Amino acid sequence: MVCRGGGIWVSRDGFHFSQVSNESVYPKVDGRFEDPVVWKDSVQYNLIVNDWYGRIAYYLRSANGIDWTTDAGEAYMPGIARHADGKKEDWFKYERPKVLQDEYGRAVQANFAVIDTLKFADDACDNHSSKNITIPLNPGLLLHVEGNKKIDRMSRDIRVKVSSEKHFAPYSDLDIASLRLGAPTEVDYGRGCLVKKHERVGNDLILTFDGKGNGLTSNDFVLKLIGKKKDGSIAYGYARLPQASVHSPLLSARAPRLTADGNCRITVENFGLETAEPSTVCVEYTDGKGRGKMLGSAEVSALKPYESTEVYFKPAVSLTLGKMQELGKVSVILKQNRKAIGRAFITPIHAPQMLQEATTLTSPNGKLTASLSIPTISTGKWGIASLAVSFAHQGQTPTQLMSAISLGLKTNQRDFSRRVWLIAVSDERKITDDYVMITGKRSHCVNHGVERTYTFENDKKQLLQFTLRVYNDGVAFRYQLPQHIDATKGKTEILLSEHTTYNIPQGTKRWMQTYDPTSYERFYPLITDGSLPNESKKFDWGYPSLIEAAQEQFVLITEAGLRRDHAASYLNNKVKPHQYQVTYGDKSLPIKAGYTSPWRVLITGTMADIVESTLVTDVSDPSEMTSTDWINPAPASWIYWAYNHGSKDYKIVKEYADLAVDMKWPYLLIDWEWDVMGNGGNIDDALRYCHEHKVSPLLWYNSSTNWIGKGAPGPLYKLNTPDARRKEMTWLKEKGVAGIKVDFFKGDDVKSVNYYLDLLEEAARQRLLITFHGATVPRGWQRTYPHLMTVEAVYGAEWYNNAKRLGPRAAAHNCTLVFTRNVIGPMDYTPGTFSDSQHPHFTTHGHELALPILFESALQHMPDRPSVYRSLPKEVKQLLSQLPTAWDETRLLNGYPDHHVVMARRKGNAWYVAGINGTESAQELKMNLKQLGLEGRTATLMADGQTPHSFRIETLKVTASIQVSTLPRGGFVLLID
């Protein structure tokens, strides 16, 4: 058997398999391999493996099932489904191959699962199709080399018998002059031996080839024949060389294990069908000068088929922990008569010490360390797995950032929350994330980290993989269950709980919002224990959560990499106030074999490290969208804030379309109730007006999953089923609508997560931008689906319409959002409200002007009245008119939650520096611009004037350090163009 990773497994009975190689046998190409299918015929072992990423499959051959050769060319690729009449079936992808064999073991039929588009693009009742198809195969000729004499490149004559079969008479059907014979690497390219004589023997045909040019090497075990039949069809076949044994011993050595007395123990097993002669197992290492050195060897007695033995040797060097680290991997090779049999097996020496040592993983810059605490199997004791995260400058004592993060999962079939131990650790793998974002805080994102995967075993011998990554700016980890099904066959496995629990000591400063799964619209108040004042019975907390773990060292807790059939999670500290356990939006979640959890993400470092981090998107799935030129981040005029029901008033809609034209904003968002528009026109008239004025309209929809009762705004039930979504979004595209805003979602359960993804995928097919409102927080989808422009999930400017609470708290709240909610993804706060709606502002105009720069959102919905924007100073109007909404670079220059923020964002060569004062007192906001290399450039300052509702505008030369005076709750923008 060949596993998905390319390792070889052998079984005596077809039920119990042992891995005999740790090296992939797949082609050495950059592929994403899956669906290996193996079969054996009368000549050799055959293997086809599919590269789903490249949509191509490869064909490999082996004499013994262990050592494989990749033939040139493709086994199959799109375009192979052709009928006898020439008709071609144009399938996009071929997967899940199966082979049907005849009585000789030859492949005579291939079955495939096929699809004519990307998987996520195939919905029920659409024009796409996925099927199982069958393709008949040319099984090849039955060939046999005559005689037992060894054949090699010096052979003069080679006699091969071609056997007759039903419907095939070789003497009359073959075009003998076309035939070539030799090594596969020769005849595949038109070379090889020519027939110099042929004779008929009964119904069979004996061919005598001139051996010249056969191209055989010591690695070949077959001859290949290629030619054609007289009807023009291809004729081919393989014949085993006489010297190539059909059955042979297959010795395999396991990795050395260090015993308690300092010796090395190796298990050697014969997986072949013949007795293996006595052999020697040798273990070699490479010294610091690159020279091969013998660590030790041991004699192995003769082994019958499937017999094993253990041998011991004393290492040539003392294997202390330091020496083990120095040695790294060793080569294990079996020899007979001093000649190697098989390939060297490269492996670390398995030892309890090595397992324990590998439980510490350090970031590439050496400053951040994650330490796994778990008993190893050698201790014979079960325990609980936990993780600690520490930070240290070079040469300094490490500072603990997070201690004893409990780990584990529990399903109705497996329990990894207790009684586990560590049985295996992968090699450390370097991680480089390098990708481009259309939206967000940075256009070119690059991050470096290291990764290990740890295998836990519980007391029922069930396995759980724990993958840990440590980056320079944080830690991410996730869980994965095995791909195979356990003994509880047929029973649905239910994920009951995840036991990841963060310890946040009492007295530690933290900024956390109570959990509201329908909107995430809460404040992030500063607290120092596990509860809010006057709300001691609230135990659920939403992401992200910011902790000041040590002086000038912070941790932001969130999650990322949410996929289909995942449920989003939150934190719960009901059991103990200082212990925050990851809790799913579904209390019981059906899962499948191979379940992989979302990433648990801890962004760490200074406030600048937190704000500038792209770790959420770094660990999220990359986008598969091939065309993104229709995605254009930009501001939009927005009706709702000033006129709650204005989108059903045609005349007001026209005013905001005119505003978009005046301000050079590409978009107009027509909000709820547009389906009942009146006062001179309907939605068709409004869309027509937008197009006439070259404004791209965006339309609002009710998700119809939460607010659906009496008084619920429409349109309703337009997006809830595949047919409805397709119909509505097709209509939107036909009407020239650029995107949609979907509002009022129900929660974080798996049904809601799948609905989000359904909307994103259909919107991608229709090339529609999408905004989620009344929704969950971003969890990395902005990378996977770059047309996801923004997400609300914030207590934003909309609340000036709903309650008095925002006004007095807005300045401090806005300062906190930069360090919490907006770190993890786009935030539809709808900033830039200079006038009052239903409840008054307490922030200054300078403060409000800074918010569209401080708050990242690829669609920045500009909420105020047209008359207000038109009355602003020309410099302010010009800034808002040309304001970018996606950035090339983001730098935090100064700031602290609740108190103040100074941030610089770059678009092209222009820098936009914005600062706000979150306090009730005037502040001098300082910034060091030397790090940006901007000294000497000209800048325009737009800051607080003498009164809260006025501006001070001046031109200045940039110096290394600048400070700006702000009023209480004030702010500024410095444009360095």
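Analyst: For the classes used below, Ala, Val, Leu, Ile, Met, Phe, Trp, Tyr, Cys and Pro count as nonpolar, Asp, Glu, Lys and Arg as charged, and the others, Gly among them, as polar. The model is predicted: local features need pLDDT of at least 70, side-chain atom pairs count only at pLDDT 80 or more, and totals for chains, interfaces and linings use all residues. Residues are numbered from 1 along each chain as its sequence is written, and side-chain values use heavy atoms, with hydrogens and water left out.

User: How many nonpolar, polar and charged residues are in the lining of the largest cavity?

Analyst: A cavity is a set of points on a 1 Å grid over the protein atoms alone where a 1.4 Å probe fits but cannot get out, and lining residues have an atom within 4 Å of a point. The largest cavity has 17 lining residues, with Gly440, Lys441, Thr614, Thr617 and Gln782 nearest its centre. By class, the lining holds 7 nonpolar, 7 polar and 3 charged residues.

User: Is threonine 617 buried or exposed?

Analyst: Buried means under 20% relative accessible area and exposed over 50%, with partly exposed in between (1.4 Å probe, protein chains only). Threonine 617 has a relative accessible area of 7%, so this residue is buried.

User: Which residues is threonine 617 in contact with, leaving aside its neighbours within four places in sequence?

Analyst: Contact means heavy atoms within 4.5 Å. With those neighbours left aside, the partners of threonine 617 are Tyr435, Met437, Gly780, Gln782 and Arg783.

Conventions. On a 1 Å grid over the protein atoms alone, a cavity is a set of points where a 1.4 Å probe fits but cannot get out, and a pocket is an open set with protein on both sides within 12 Å along at least five of seven lines; lining residues have an atom within 4 Å of a point.
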